[in-house]
Amino acid sequence: MANEAPLLAARDLALRFGRIAALDGVSIAVWPGEVLAVVGESGSGKTTLLRALHGDLAPDGGQVLYAGRDIHAMAEPERRWLARNEWGFVHQNPRDGLRMAISAGGNIGERLMAAGARHWGKIRATAIDWLARVEIPADRIDDPPRKFSGGMQQRLQIARVLVMNPRIVFMDEPTGGLDVSVQARLLDLIRRLTHELKLASVIVTHDLAVARLLADRTVVMREGQVVEQGLTDQVLDDPHHAYTQLLVSSVLQA
């Protein structure tokens, strides 16, 4: 990784909401095939950082470089093309990432059709394959997502995102709001698929157990700043910053 350029890099990102410094000199990098977790309490700036990395929020200062190019200097059509074809975004609430009025197969198939696929048989076969990969029975292909449990909806959203073979996936609290047993199953699925597909991933979470299970490296944020980052085991087992120590100790005492 040392001899390879990062796929995505933020350099000195700054963003203010009025008097609040949501991002204050944030610099991070993500390499191909790597899972990076961004952790911190509510209000630490982690979701704002994710939205800036994805191009949804323009920073007041600094750059977001994707494959060496500043995404916020791109024309909007080019950034939209990247969002459809090379990036994926998994929302905390799967309803924000799914079309609830169409079938499960349609949710997957319309992404393929938007990319130019026209053979209905092949589209349906691909949808069935992806349903199997996210552990949804093939006989649910014609059911709308509103008939699915929350965990199944999240797995369907993941299939809808990954069917396009993105180079990088952004995940915003992907296990939030799910029961513990459902979370465990979903985390196993995410870990397996990210490794199988060699995806670069940025996962925002307040749950250090999620970071430990999924992430190669972890970034700790507080009040819009990165206070610590490094290999996940090192950050969580031997935290150097007082805030990280507090986060880890609060988990251990829970």
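Analyst: Start with burial along a helix. The model is predicted. Helix α1 spans residues 46-54, and seven of its nine residues are buried, so α1 is largely enclosed by the rest of the structure.

User: Which residues of α1 are buried?

Analyst: They are K46, T48, L49, L50, A52, L53 and H54. Just after α1 comes G55, with a positive phi of about 90°.

User: How should I read a buried charge, and what is the nearest side chain of opposite charge to D172?

Analyst: Look for a salt bridge, which needs a side-chain nitrogen of Lys or Arg within 4 Å of a carboxyl oxygen of Asp or Glu. D172 is buried but has no salt bridge, and its nearest side chain of opposite charge is K46, 7.3 Å away. D172 belongs to strand β7, residues 168-172.

User: Which residues is D172 in contact with, leaving aside neighbours within four places in sequence?

Analyst: The contacts of D172 beyond those neighbours are T47, L50, F89, V90, H91, Q92 and V204.

User: Now cavities. How many of 30 Å³ or more does the structure hold?

Analyst: One. The largest cavity has about 30 Å³ of space. Its lining consists of I158, L162, V169, M171, I190, L193, T194 and L199.

Definitions and conventions
Residues numbered from 1 in each chain as written. Predicted model: local features only at pLDDT ≥ 70, side-chain atom pairs only at ≥ 80, totals over all residues. Heavy atoms only, no water. Helix = DSSP H or I, 4+ residues; strand = E, 2+ residues; numbered from the N terminus. Buried < 20%, exposed > 50% of the residue type's maximum accessible area, 1.4 Å probe, protein only. Lys, Arg positive; Asp, Glu negative; His and termini not counted. Contact = heavy atoms within 4.5 Å. 1 Å grid on protein atoms, 1.4 Å probe; cavity = no way out; pocket = protein on both sides within 12 Å on 5 of 7 lines; lining within 4 Å. Points joined across faces, edges and corners; volume = space filled by probe spheres on them.
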